[in-house]
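Let's take a walk through this structure together. Have a look at it first, and then we'll go through it piece by piece.

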Amino acid sequence: MSRILVVDDDRTTRHVLSKVLTSAGFSVTVAKDGVEALSVLRHRRFDLLLLDVWMPRMNGLDLLERLRTRKVRPRVVVMTSDEAPETLLEAVRQQAFTYVQKPIASLELLQTVRDVLQAPDPPAIEVISARPEWVELVVPCRREAVERIQTVMAQLDTDLAPDVRESIAYAFRELLMNA
């Protein structure tokens, strides 16, 4: 049974996610912010962290930064309603496994959780620099990096039309697949 830690400052969100995941057979623990999550993580190991970004006391991005120093850490799915490219890039910089928009439908949540838990370890994407008009990434030229970079690029710029974002993401996919 996979162990999941849900970290969100919204009580209703914690309750709904916990109920959906428990009903699907996962072992679920909840925390209301990054400080409480760190305390829980000191005493227990988890396979997956569902992590909200904007919370009081310690936000999700700060928690991600703290987790990077650990030898063993859970995979992290960042959840947020914040569509700012800076938030996505910081999640990538801090080695989050993936990024989902809130609110997330129950079936989509379960599919994302299963996919992340079953996926091989992802290659790291290094964010070298990020400005509104320029992003520089170091991406390993391996097939394993294709889906991850395609997901990042598809969500990166909210000023672009969805079909343009998808085209850019597909172009990166083709570059990596044919490199």
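The largest pocket holds about 560 Å³ of space. A pocket here is an open set of points on a 1 Å grid over the protein atoms alone, where a 1.4 Å probe fits and protein lies on both sides within 12 Å along at least five of seven lines; lining residues have an atom within 4 Å of a point. Grid points are joined across faces, edges and corners, and the volume is the space filled by probe spheres set on them.

Before we go on, keep in mind that this is a predicted model: local features need pLDDT of at least 70, side-chain atom pairs count only at pLDDT 80 or more, and totals for chains, interfaces and linings use all residues. Residues are numbered from 1 along each chain as its sequence is written, and side-chain values use heavy atoms, with hydrogens and water left out.

Back to the pocket. Its lining has 26 residues, and Phe97, Ala119, Glu147, Arg148 and Thr151 lie nearest the centre. Which helix gives the most to this lining? That's helix 6, with 9 residues. Helix 4 (85-93), strand 5 (98-101), helix 5 and helix 6 (143-156) each supply at least two. (Helices, H or I with at least four residues, and strands, E with at least two, are DSSP runs numbered from the N terminus.)

Now find helix 1, residues 11-23. Its 13 residues reach 18 Å from first C-alpha to last, close to the 18 Å expected at 1.5 Å a residue; the expected span is 1.5 Å times one less than the number of residues. Arg14, Leu17, Ser18, Val20 and Leu21 are buried in this helix. These residues sit on the same side of helix 1 because they cover an arc of only 165 degrees around the axis, taken from the directions from the helix axis to the C-beta atoms. On the other side, Arg11, Thr12, His15, Lys19 and Ser23 are exposed. Buried means under 20% relative accessible area, exposed over 50%, and partly exposed in between (1.4 Å probe, protein chains only). After helix 1 comes glycine 25, with a positive phi near 100 degrees.

Finally, two loops. In the one between strand 3 and helix 3 (60-67) you'll find arginine 57. Arginine 57 isn't a glycine, yet its phi is positive, about 65 degrees. At 62% relative accessibility, arginine 57 counts as exposed. The loop between strand 5 and helix 5 holds proline 103, which a cis peptide bond joins to lysine 102, with omega about -5 degrees.
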